[in-house]
Amino acid sequence: MMAFSKWVLSLAAACAVSSGAVQAEQVAVEGVYAARTDGGRGVAEISIKPIRGREGIALENALADQLGSARIYGEQYFRIVPSSFDNEGSDPGHAELRGFANSRVYDASDGEIERTRCVRKIKHEDGEKECVESVTDVYECRRLHVEFRPDVALFSDEGALYQRQDSFLNSERYCADSSYIPSAEAIIEPMISRFARAVRLDLAPEQRFDRIRILESRSGLERGDRRAFKNAIKLTKSDPVGACIAFEDILSRNPYQRSALYNAALCREADGQLELAAEAYGQLMVASDKDRFRNGMARVDSRFLAREQLASLSLPAVALASASPQDASIE
């Protein structure tokens, strides 16, 4: 039977008890997942140079907010320094983010809209009112178009490390029957935020907490193990540690039972036993090509890569996050 790290599972148990029945039939998995590119590997400090273009200042602020708030176990991942910062002789992990953020806003005719209104009503003896005369008003409509084209790149002394460019387009129709006129600023703001968030996910690992549904099928189990499996499912509501121990115990006697293997894989993920989780997902993928098995393996692979990315930095909490469960366990 697999020995779970006390500090991880104790935390999971505490979360489940405090959250109540909402967590039924799920396993809580917390982990650090890899940045989507290796562009930020080894970079500890970023200065954001003035970004050219109409939306440059807004994008600068959004990037500084997203990159500056990237944290792993409470430790700030990037130090964001002023663009005027003199990095000569500074940490070799320094890099500069440069780019431009162009936009185009234009307003065009967009047809008409009809609104019918009653101008005369009559009242019947039963009190009901009937419209006997109406008119149709025709109002001109327009459409506000907003385009946003950002392009940023990360540079170190060794050259370009990363680049991302994108193109966003959105529009909103409005008509003369209303006093409402859309704001180009309100339309473009989510585009800027979306792009800045994408850059953050490209460059820095992400610590994430997910609740993943277990499998409940008891097909292929003997009567005693069917009963034990049902009890293990109930334990996920209040005692995930006990549930995980039970799933591993059932798996020891039924090594090819799909639900037990999958649930054990989730438990191993939750405990940071990534090698054993990968082994279980590999067995499941041989038997079936279901999305949930591929997704499980993808999560594990991402956490393996995140360990490599984290190892390139020397932050204390990051070092803890990148360690194996045995190294990171607290007595």
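**Disulfides and helix pairs**

Modeller: In this predicted model, a disulfide joins C141 to C175, with an S to S distance of 1.9 Å.

Colleague: Which strands hold C141 and C175, and how many residues apart are they?

Modeller: This disulfide, with its sulfur atoms 1.9 Å apart, links distant parts of the chain. C141 lies in strand β7, C175 lies in strand β9 (residues 168-175), and the two cysteines are 34 residues apart.

Colleague: Is the disulfide of C141 and C175 right-handed or left-handed?

Modeller: The value to look at is the torsion about the S-S bond, which for C141 and C175 is about 105 degrees. Because the torsion has that value, the disulfide is right-handed.

Colleague: Where do C118 and C131 lie, and how far apart in sequence are the parts that they tie together?

Modeller: C118 and C131 form a disulfide whose sulfur atoms are 2.3 Å apart, and with 110 degrees about the S-S bond this link is right-handed. C118 belongs to strand β6 (residues 94-123) and C131 to strand β7 (residues 129-156), so the parts tied together by the pair are separated in sequence by 13 residues.

Colleague: Are C118 and C131 buried, partly exposed or exposed?

Modeller: A residue counts as buried under 20% relative accessible area and as exposed over 50%. C118 has a relative accessible area of 32%, and C131 has one of 37%. Both values fall in between, so C118 and C131 are each partly exposed.

Colleague: What is the handedness of the disulfide between C244 and C267?

Modeller: C244 and C267 are joined with an S to S distance of 2.1 Å, and C244 is buried, as is C267. C244 lies in helix α5 (residues 240-253) and C267 in helix α6 (residues 258-270), so this pair ties together parts that are 23 residues apart in sequence. The torsion about the S-S bond is about -85 degrees, so the disulfide is left-handed.

Colleague: What is the pairing when the bonded cysteines are numbered in sequence order?

Modeller: The structure holds 3 disulfides. With the bonded cysteines of the protein chain numbered in sequence order, the pairing is 1-2, 3-4, 5-6.

Colleague: How are helices α7 and α8 oriented relative to each other?

Modeller: Two packed helices are described by the angle between their axes and the distance between the axes. Helix α7 (residues 274-287) and helix α8 (residues 291-311) pack with their axes 9 Å apart, at an angle of about 150 degrees. An angle over 145 degrees counts as roughly antiparallel, which means that α7 and α8 are roughly antiparallel.

Colleague: How many nonpolar residues does the contact of α7 with α8 have?

Modeller: The residues making this contact include L274, A277 and Y281 of α7, together with F293, M297 and V300 of α8. By class, the contact has 2 polar and 5 charged residues, while its nonpolar residues number 10.

Colleague: Is the crossing of α4 and α5 left-handed or right-handed?

Modeller: The axes of helix α4 (residues 223-235) and α5 come within 8 Å and cross at roughly 155 degrees, which makes α4 roughly antiparallel to α5. Among the residues that meet are F229 and I233 in α4 and A246 and F247 in α5. The crossing of these two helices is left-handed.

Note on methods:
Residues numbered from 1 in each chain as written. Predicted model: local features only at pLDDT ≥ 70, side-chain atom pairs only at ≥ 80, totals over all residues. Heavy atoms only, no water. Axes fitted to C-alpha atoms, helices over the stretch in contact; angles between N-to-C directions. Helix = DSSP H or I, 4+ residues; strand = E, 2+ residues; numbered from the N terminus. Parallel < 35°, antiparallel > 145°, perpendicular 65-115°, else oblique. Contact = heavy atoms within 4.5 Å. Nonpolar A, V, L, I, M, F, W, Y, C, P; charged D, E, K, R; others polar. Disulfide = S-S within 2.5 Å. Buried < 20%, exposed > 50% of the residue type's maximum accessible area, 1.4 Å probe, protein only. Left-handed = near helix turned anticlockwise from the far one by under 90°.
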